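Here is a friendly walk through a protein model. Take a look at it first, then read on.

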Amino acid sequence: MGVAQAMEALTERAGLMKESLHKSQTITDNMVGILGSFDHRLSALETAMRPTQIRTHSIRRAHENIDKALKAAEVILDQFDISRKAEAKILRGPHEDLESYLEAIDQLRGTIKFFSNNKMFKSASGVISHAHGLLSKALSKLEDEFRQILQNYSKPMEPDRLFECLPSNLRPSSEGEGGGGKNHDPHHKSLENAIFTVPTVIPPRVLPLLHDLAQQMVQAGHQQQLFKSYRDTRAAVLEQSLRKLGVERLSKDDVQRMQWEVLEAKIGNWIHYMRISVKLLFAAEKKICDQILDGVESLRDQCFGEVTVNSVAVLLSFGEAIAKSKRSPEKLFVLLDMYEIMRELQPEIELLFGSKPCAEMKESALNLTKRLAQTAQETFSDFEEAVEKDATKTAVMDGTVHPLTSYVINYVKFLFDYQSTLRLLFQEFDSKDPDSELGAVTTRIMHALQNNLDGKSKQYKDAALTQLFLMNNVHYIVRSVRRSEAKDLLGDDWVQIHRRIVQQHANQYKRVSWAKILQCLTVQSSGSGPIENSNISRASVKDRFKTFNSQFEELHQRQCQWTVPDSELRESLRLAVAEVLLPAFRSFLKRFGPMIESGKNPQKYIRFSPEDLERMLNEFFEGKTWNHTCHKMSNLHELSIENSTDDHAGCFQEKEQLYKCLKCGIFFHKECLESATEINAHENLGEVRAVEDKPNDESIKVDERGASNVHFTNEHHGKVDDINTGYDACKFKQILEKYSKPIEPKHLFECLPSNLRPSSDGDGSDGMSHDPQSNGLEKDDFTVPTIIPPMVLPLLHDLAQQMVKAGHQQQLFETYRDTRRAVLAQSIEKLGVERHSKDDVQRMKQDVLDAKIRNWIIYMRISVKLLFAAEKEICNQILDGVEPLRDQSFAEITTISFDMLLSFGYAIVISRRSPENVFVILDMYEIMIELQPEFELIFGSQPCTEMKEDALNLTKLLAQTVKETIVDFENAVEMDPTETVVMDGSVHALTSYVERYVTYLFDYKSTLRQLLPDTKLKSALTGIMRALMNNLEGKSRQYEDAALAQLFLMNNVYYIVRHFRREEAKNLLGDDWVQTHGRIVKQHANQYQTVSWNKCITVQSSKSGLIKNKSITKTLVKEKFKTFNSQFEELHQRQCQWLVPDVEMRESLRLAIAEVLLPAYGSFLKHFRPMIESGKNSQTYIRFTTEDLERMLNDFFEGKNLE
């Protein structure tokens, strides 16, 4: 039942499901019908809506197209607006606003690009064409603007601006010397740390504008126009800068035609120009070129190369011409200077001209460096050969150092100033050891010099003088080498060998000179031993003494005129002679003196004592003519000191004996012993000096017999010991004032070397005549005076120390300063020093001024070397240990006195210059240079700096005054207005004056070389000679007779050449100068002959055609004879009154006339004499024979009226 119910239920449900399915199908069918109807309706609707949809889409697309068209139109309108604005800016030009102008060009380019990309626009092609035209105009204006700005700001550099960019030590002096004239300084060869400031050639603010303009021109494809504008503008400005500096284009022929002194000056300038050009001008040019043309590398390098090529060529062409010119030893140093500057500039040349367009310039510079090195090396060999073959025949009469020796040594010394340069030079030629190469060159030069000196020594007839000459010269060489850097290269062995050679020559001199006279003092028996006095006759002894006297006097007279310039060698040689002569003479005198003294007139035979011989030997080798005056020898056992009013020598009387206190070692006078027990005995007794300070020279002679030792009582020293306690400021002042006394001039003069002391007539000046042979004064020759007794100094020092400990430094300082300053001022015043202003100097007469300058030189030497040195010495001792106070005290003590001394020097240099003053100013400069080491030593502390600087400034001002005065002399010579005519055509007074002036100037050659390098000295000398020549040319125009004018010029130029050919000026001027002016003399002689004799000779000459003319009439021949007679008589009458003062020149000129006149007259006479003699009165026409003419020619140029 349950199953049935279940089945029934299932069946019922199945029916329901079936019914539901049927309904669903019905509904579905209905829906399909409905949907089918919708599809039909929708298709109809779609068909109906399609036209509307099409219209809507068209409208939308139209809107989009309108928007696009509006935007395109807006862009086009914007471009037109930009183009319009750009056109307005371009039409206004770039002058008003260059940046806006450049912006407008960029905008134009944008417009062209826009329309070029949108060519479909109807007006695009027209716009593009218009824009291109406008851009072309804009770029043309831009090119003009670039050129205009570049030209406006490109100005040639003034030399002064360039000099300011140099390191201070390379700037020309304030005199305005245009040339660098490099003074070679071995201590400043390297300029690595020197600061060269590249000049601003175009203002920095302009460079960005020029760079932008250049970029625009490059973008426009106008590189060529840019290159041409830049090159033409900057190259011209650079060349103008060089011309303003002094650079000039010189060809090889120009250089070869120059006189050496002119050329040398130009070389000095060239060195300066090279440094300025490369380090300043070319560097500045490279800098602006890199900035303006930045980003255009190829054009930039090419522009720089083209801008500089001409300037570099001008500079290097001069160097090339020099390197190829004829070599001479004097050129070596300027060649080394040129080589040195090229090596110095090599890094800059590599840097500046490293690009490909500049490669040729860099190569040219490197080639010039190598060529200069080659020429310099070849000049070494030339110099060595020139030294060995030097043919100077002039003998040095006194046997002193030959000029060739000093010339070669100075040459070698100067060579060693270039050591680093020479090492580089030798390395150019692969020298592995440049030092050994330099040593070898030096050795060869020395060997050549010695060979030449050996030859020159053979000119002496006196063998002793030969040996002295060789000794002097080899010693000079050795001494110079030892004191120079040459010693390191030549080595100690070389020095020792040549010192032995000096000794050998000295020994040879002794043997040759003194062997004969020593034989007079040697007496031997016929046997093996010496004979007894009884075996030799008195007559024989007398004869020996007479022979000795005669020979010694002869040697003394002759050898006093010989010179050994080195004082040490001179003393050594005298000592060597004395060591041989004096013992022999003493022995002979001891043995045979009594024999002569026992007879009559012993003084006739025994004319000399050993002391006399010793004194007279001290007069040998001084190089002066000996005045035969018998000098009595003073007793060596007695004191010989002049009377003096000096407090320290007031009791000294001539030939008094000195006595020594054995306790304190002080020397006293005999008559003062009674007061020896007093506390101030040392001062009152006339103290000399302590034992340890006792000099070894002859200024003090003490009795050597032992009688002068006196024992003083203890009271002599008792009170002195009491001073050691209770020191205070009062005692310091009291003792200092007591022992501080002004020094008398005589006492100061005794402290000078003997050759600087005033003469015995009391003349205050030393009568200084400048001695060019002087070797200088050694420091030891001056004896610093004792201005406070040595025994007092420790007491003063102790007192000073106690005052310092008590805090009384200021009181100590004031006391010491005031006391010593007053005493020093009094000493200076006693000496004769006085303050002078410029007005004082200008009011003085010349002779008074000269005397005051000479005295000032003495005062300077005495003040610095004696007074200030002594003041420094006691100041150091008294204030030892109180350095700041010590230095300040010394400065304030000396400042017033030193200022007074310098005031005269300053007054001289600022007063009106005169050519005659140059020699005394040179003397002043010399003394300042001589005292320079003392200035450094004495015034070396900080408080004394101002005084030292004042001295150095005065030295520089004196040097400057000398240079300016030499220039003044040149101008004075050229402008000399003397109108007095030398009627006989002889040497003008101006010529002889200038010759003497220059000759005397060369006495100062070593000093002048300190002031001026040889190049400048040559230039100055050449300028003076040129000025003289110009003046003489002007004076020659005063003569109405052209022949006399030529004779006048011949005489004067010959006088100059003859004197300078003999003087040291020749070494400076050179052979070329002498030869050139020798040719000028010849030219004037030829001109004289042409003007004076051509007319006369033409009458008789065969060239006249008379001799060949067979149809010539007797009348014409007579007329010719009469004309000749008249002309010759007139010439004879007039020219016998003319003068050619030089005998050789006079004979040469006569001979030249005779060689032309006599043959012509003889030929004429031979042809026509028969014709005249066949007629009447032949002597009326034939008045002279050839012999008559020759005799009468010998009357010409004698400067006398013809009777």
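The report below goes from the inside of the model to its charged pairs and its surface.

## About the model

This is a predicted model, where local features need pLDDT of at least 70 and side-chain atom pairs count only at pLDDT 80 or more, while totals for chains, interfaces and linings use all residues. Residues are numbered from 1 along each chain as its sequence is written, and side-chain values use heavy atoms, leaving out hydrogens and water.

## The cores

Let's start inside. A nonpolar core is a set of buried Ala, Val, Leu, Ile, Met, Phe, Trp, Tyr and Cys residues joined through side-chain atoms within 4.5 Å. Here "buried" means under 20% relative accessible area, "exposed" means over 50%, and "partly exposed" is in between (1.4 Å probe, protein chains only).

The largest nonpolar core has 158 residues, and Trp514 and Phe552 have the most contacts inside it. Helix H8 (residues 260-292) gives the most to this core, with 17 residues. Helices are DSSP runs (H or I, at least four residues), numbered from the N terminus. There's also a second, separate core of 154 residues, with Leu748 and Ile927 among them.

## Salt bridges

A salt bridge is a side-chain nitrogen of Lys or Arg within 4 Å of a carboxyl oxygen of Asp or Glu. By this rule, the count is 45. Take Glu320 and Arg371, whose salt bridge has an N to O distance of 2.3 Å. This pair links distant parts of the chain, 51 residues apart: Glu320 sits in helix H9 (residues 297-324) and Arg371 in helix H11 (residues 359-388). Glu320 is buried because its relative accessible area is 18%, whereas Arg371 counts as partly exposed at 31%.

Now for Asp840 and Arg843: their closest N and O atoms are 2.8 Å apart. They are 3 residues apart in helix H28 (residues 838-843), so about one helical turn separates them. Arg843 counts as exposed, at 63% relative accessibility.

Lys1035 and Asp976 form a salt bridge too (2.9 Å, N to O), and both are buried.

## A patch on the surface

Ile27, Met31, Ile34, Leu35 and Phe38 make a nonpolar patch on the surface, with about 470 Å² of accessible area together. Nonpolar patches join side chains of Val, Leu, Ile, Met, Phe, Trp or Tyr within 5 Å, using residues with over 30% relative accessible area and no salt bridge, while like charges are joined within 9 Å. The areas come from the Shrake-Rupley method with a 1.4 Å probe; for residues, only the protein chains shown count as cover. Ile27 belongs to helix H1 (residues 2-92) and counts as exposed because its relative accessibility is 51%.

Notes
Helices (H or I, at least four residues) and strands (E, at least two) are DSSP runs, numbered from the N terminus.
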